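Me: I am new to this structure. Please take a close look at its side-chain contacts, with the rings and charges in view.

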Amino acid sequence: MIKTGTYLDLLLMIVIVAATYYFYEKTKDPTWKPFIRHIPALDAIREGVGKSVEEDKPVHFAMGQSGGQLYSNLVSMTLTALAFLRHITILCAEHGARLIVHLPSQTESIPLIEGTAREGFGFAGKPEMYRRDDMRYYGRGALTWTQGVTASYAEEGVGLNLSIGIFYSDCPISLEMAHIMGGMNVGGTGRWIMVYAFAMMCDYVFLGEEIYAAAAQVSEDPIMISGILIEEVGKFFVYILLIVGTLLAAVGLDVAALLSL
Amino acid sequence: MAMFRREIPTAVLSFVGVVILLAFFTTLDIFETIKGVFTSWIPVISATSVGLGLIYMVYAQYMNYQRNKNLNNLIYLVVPLVFFVIFFGTALVVPGNISSDAYQWLYFHIYQNVGGVIYAVMFFTLASSAIRTMRVVTKDPSGALQFRLEAAALMFGGIIYTLRQIPLFQVYLPGIVGFGEWIMLVPNVGGGRAAVMAAALGAIVVGIRTLWGKEKTTTEVD
Amino acid sequence: MTSVIGGLIGTLFIISVMSMLWKDNIFFRFGQAAIMGASIAHYTFMNFQSVHNNAIKPILAGNVLFIIPLILGLLTYSRLRSDVSWLAKYPTNVLIGVGTGVMIAGTLRGQIIDQIKQTILDAFTGLNGILILIGVVTAFSFFIFTKEHTGALGTSVKIGRVFLMISLGANFSGELVWYLTQMIGRMMYILNEFIWPLLGA
Amino acid sequence: MATVKERLAKTTRFYQIIWALCLIGMFIPLVRPLGLPVVLSEPVKDYYNSIVDLPEGSVIAVSFGASAALLDEQEAQFLATWKTIFQQGHKVIFYCTTEDSPIVIRNELIVVVPESYGYTYGTDYVILPYSPLGEAGQAAFAQSIRSIYSTDINGDSLDEIPLMEDIDNEEGIDLLVYQYTSCTDIEWAVRQWVVPFNTPVIATTLGCCGPMAAPYYPTQIQGFLSGSGAGTELEVVSGNPGPGAAMGDAKNLGILPFLAAVLWMNIKPFIGKEEK
């Protein structure tokens with residue numbers, strides 16, 4: 001009944017599901033506080049909102065021109081970006097900063113993004129701060145998106161530019177233009193290929209997978225924080241496979257066949 | 001009624017996701033069939049929602065203009081609509097639609113041409129950020145020189161692979177092709193593979209949380 | 001003549017977009033707004049065509065099941081009215097459900113197990129393979145969040161970050177040369193579509 | 001003491017000078033070509049061999065996710081690939097995954113002209129229209145082509161097209177040419193074609209995506225072209241000259257001011273020119 005060639009996948013899946021169950025049970029204990037290493041870029045978000053208020057400029061939030069993917073392998077990154085959107089919305093509401101959200105081109109994701117922003121302002125007790133006209137849509141493609149975002153920086157100014165999500169070749173323009181116009185860049189993407197742009201252009205960067213951990217921390221939700229620990233279990237599993245596999249290969253076993261199970 | 005807003009949509013999400021996983025892991029045809037149905041729906045749902053973006057775009061431009069009636073905002077309100085009508089109208093009305101000469105002319109000289117420019121602009125923005133970042137040695141406030149290992153690694157990978165891609169250096173810098181390929185196929189693979197695996201684990205954990213019905217962004221947003 | 005006019009219009013658009021590198025100006029705004037309209041028109045038209053081909057035609061041919069995704073797609077518009085906006089959760093959740101299922105299924109093998117397998121196999125191919133193994137092990141340790149990066153872990157992370165930075169450098173370089181190509185392409189456009197035809201060359 | 005704004009303006013002016021020099025550097029070889037030779041790389045050779053090693057009449061699926069804006073980077077790859085495939089007499093199913101693809105592929109085939117290789121539309125090659133597939137769509141295509149595409153680009157039912165008669169899933173495909181412009185999309189091909197079905201896959205993509213494709217080469221993808229440089233290499237190895245050569249020439253001088261600026265920024269601290 002189980003497809004051959006998927007046994008190991010299933011095993012890894014079971015390990016993660018079991019860890020998920022275990023840590024979700026743990027979250028029921030209100031005294032449970034796991035240690036998570038500090039991610040410096042997180043503090044910078046609050047600092048950037050403060051800077052925006054001081055300079056009387058808006059906070060910009062972007063999850064990428066193609067950051068609204070709901071049905072690809074990058075869906076997790078879309079959801080992670082939404083956790084940051086909720087966080088920045090609450091911070092903006094608390095500090096009285098205007099928030100401009102640059103929507104991705106995937107129209108099917110707009111309901112979710114708009115709902116998250118609306119919910120964030122509502123949660124902070126300032127639903128009146130939500131403005132649909134600050135939800136900016138620029139059509140399809142890096143061209144219109146980067147130009148739309150750049151024009152918005154030029155027209156309305158940029159205090160903090162928080163860019164988190166799925167970024168392709170759109171970010172080298174949006175990040176650099178925000179920098180040139182005096183904005184503070186904080187951001188990151190799980191797409192390794194574009195991390196270089198964030199590392200080079202941001203004042204504070206989340207390197208690759210750090211965005212998942214950081215999203216959990218900003219959410220202050222025990223369930224999301226437990227996700228970091230679940231990931232660590234997965235990493236332990238990876239290290240075990242790497243070490244055991246290398247040792248077995250060293251003694252002449254056919255590791256390729258074993259890992260193809 | 002509240003159930004239709006939260007619990008049932010979450011159940012739909014979990015059901016769809018779990019069926020697809022079962023299709024992957026099991027040999028039962030039923031799951032494969034249901035998966036086929038769901039995956040064939042995706043392009044239709046996605047494509048049908050396209051008008052939503054147009055509505056948001058026009059609304060935001062209109063409200064911006066209402067709030068601040070300057071020339072820039074007027075341009076943003078009127079010009080996109082004019083070009084929308086020109087392109088959409090040509091595609092819809094002219095015989096041959098997008099294959100017509102008129103549409104091809106618009107497409108080639110405006111859409112495709114200007115589409116390419118934006119990436120050209122990125123050459124300059126990226127170059128300036130690299131000039132700023134790829135500084136291996138800097139001075140600290142006391143005037144002492146500091147070596148920055150990570151900037152050196154970034155520059156090492158960046159400059160060597162750049163030279164490898166430029167014909168001039170391929171010809172006049174012997175070994176640069178092999179060295180560039182080595183950068184791409186050895187240290188890049190080492191670092192890149194780790195990053196790919198870490199990001200994959202992060203994605204799977206978020207995915208399982210989503211199917212479990214515990215992902216706030218999908219459950220709590222109305 | 002049509003060709004020269006096309007080339008002239010295209011050249012003016014190129015200059016308008018590039019002018020933002022100098023400073024924000026009205027021509028840049030015009031070019032940007034025009035492209036926004038053109039792009040969304042093309043995108044909308046192609047998607048309408050896609051709906052027509054992939055939903056309407058099958059429905060007319062008797063495959064009534066495609067009414068469901070069509071309705072789900074239309075439900076996304078419920079977002080425009082706050083009293084029924086929750087209906088949009090149905091299409092988005094179907095999309096996320098499919099996306100999550102497909103992602104998990106493929107990621108386990110393609111992004112994790114096969115990568116481990118390849119790393120182990122590489123390790124026995126020589127020095128380069130061992131370097132890859134060291135790179136994978138140390139760079140992976142950077143992504144550990146439940147321990148401070150000190151001691152042995154700290155050393156591993158430092159080495160790992162060097163591998164990560166070299167990888168980022170290579171990525172940067174690939175992009176830089178690509179963008180350079182794009183700039184050259186646009187210069188070729190100006191020459192071939194406008195300057196040479198204008199000069200009669 | 002300069003203000004932040006003044007310092008920003010000063011550095012921006014410095015960048016603008018470098019940008020202008022790069023532009024001049026690119027322009028010169030376009031008017032006076034240098035004509036330097038091309039060095040071949042392994043992924044390109046393997047890409048080429050994957051096509052030519054297939055028996056004549058094999059079926060190649062081309063997942064075509066082109067972007068019109070990125071043709072400068074990929075046109076040389078496309079033209080050389082189509083010519084190589086047609087020279088070998090393979091059958092081709094093009095399927096369009098981006099909204100630009102139908103126009104781009106039609107324009108490409110006006111240049112290459114399959115009919116000049118003795119090809120007939122419908123029998124030897126077919127073009128399937130645009131559908132926003134994404135990864136789920138790739139999975140669906142591999143499982144059942146007709147669940148995603150009911151007609152070809154001309155609106156004719158797939159059942160009426162001779163080439164598609166016996167083909168409805170990955171079993172009928174001997175090689176997938178996976179063309180994409182979003183670097184991580186290579187994972188879609190790996191996950192939805194290679195992992196479940198072991199379908200041979202070669203990829204054609206942008207220069208920036210090469211490092212991302214490299215971890216999957218040569219075990220999961222058999223070869224890949226990244227960037228216009230690789231397109232030029234394929235032109236050379238396949239003996240099909242195209243637009244790649246002129247691009248290569250202009251890159252030579254265009255990049256030099258950037259390299260000089262990076263060098264200058266690294267020399268500055270040693271000659272006491274560095275500002276705090």
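Reply: A charge sits over a ring if NZ of Lys or CZ of Arg is within 6 Å of the ring centre and within 35 degrees of the ring normal. Keep in mind that this is a predicted model. A:Arg37 lies over the face of C:Phe142, 5.4 Å from the ring centre.

Now rings with rings. A pair of aromatic rings is described by the distance of the centres and the angle of the planes. Over all chains, the count comes to 45 aromatic pairs. Take A:Trp145 and A:Phe167: their ring centres are 6.4 Å apart and their planes stand at 75°, so this pair is edge-to-face. A:Trp145 belongs to helix α5 (residues 142-156) of chain A, and A:Phe167 to the loop between β4 (160-165) and α6 (171-180) of that chain, so the pair ties together parts 22 residues apart in sequence. A:Trp145 and A:Phe167 are buried. In chain B, the rings of B:Phe24 and B:Phe25 have centres 5.1 Å apart and planes at 80°, so they too are edge-to-face. B:Phe24 and B:Phe25 are both buried. Ring pairs also build a cluster from B:Phe123, B:Phe124, D:Phe14, D:Tyr15 and D:Trp19.

Next come the salt bridges. The count over all chains is 36. A:Asp134 meets A:Arg131 in one of them, at 3.3 Å from N to O. A:Asp134 is buried, at 2% relative accessible area. A:Arg131 is partly exposed, at 29%. Both belong to a network of salt bridges that links A:Arg98, A:Arg131, A:Asp133, A:Asp134, A:Arg136, A:Glu156 and B:Arg67.

B:Lys35 pairs with B:Glu32, and their closest N and O atoms are 3.9 Å apart. Both sit in helix α3 (residues 29-48) of chain B, three residues apart, or about one turn of the helix. B:Lys35 counts as buried because its relative accessibility is 12%, and buried means under 20%. B:Glu32 is partly exposed at 22%.

Chain C has a bridge between C:Asp83 and C:Arg81, with the closest N and O atoms 2.9 Å apart. C:Asp83 is partly exposed, at 42%. C:Arg81 is exposed, at 53%.

Last, the nonpolar surface. A patch of about 840 Å² is made by residues of chains A and B, among them A:Leu258, A:Leu261, B:Leu28 and B:Ile30. A:Leu258 lies in helix α10 (residues 255-258) of chain A. A:Leu258 is partly exposed, at 37% relative accessibility.

How values were computed: Residues are numbered from 1 along each chain as its sequence is written. Chains are lettered from A and ligands numbered from 1 in the order in which they are written. This is a predicted model: local features need pLDDT of at least 70, side-chain atom pairs count only at pLDDT 80 or more; totals for chains, interfaces and linings use all residues. Side-chain values use heavy atoms; hydrogens and water are left out. Patches are made of residues with over 30% relative accessible area and no salt bridge: like charges are joined within 9 Å, nonpolar side chains (Val, Leu, Ile, Met, Phe, Trp, Tyr) within 5 Å. Accessible areas come from the Shrake-Rupley method with a 1.4 Å probe; for residues, only the protein chains shown count as cover. A salt bridge is a side-chain nitrogen of Lys or Arg within 4 Å of a carboxyl oxygen of Asp or Glu. Helices (H or I, at least four residues) and strands (E, at least two) are DSSP runs, numbered from the N terminus. Buried means under 20% relative accessible area, exposed over 50%, partly exposed in between (1.4 Å probe, protein chains only). Rings of Phe, Tyr and Trp (its six-membered ring) pair if their centres lie within 6.5 Å; planes under 30 degrees apart count as stacked, over 60 as edge-to-face and the rest as tilted.
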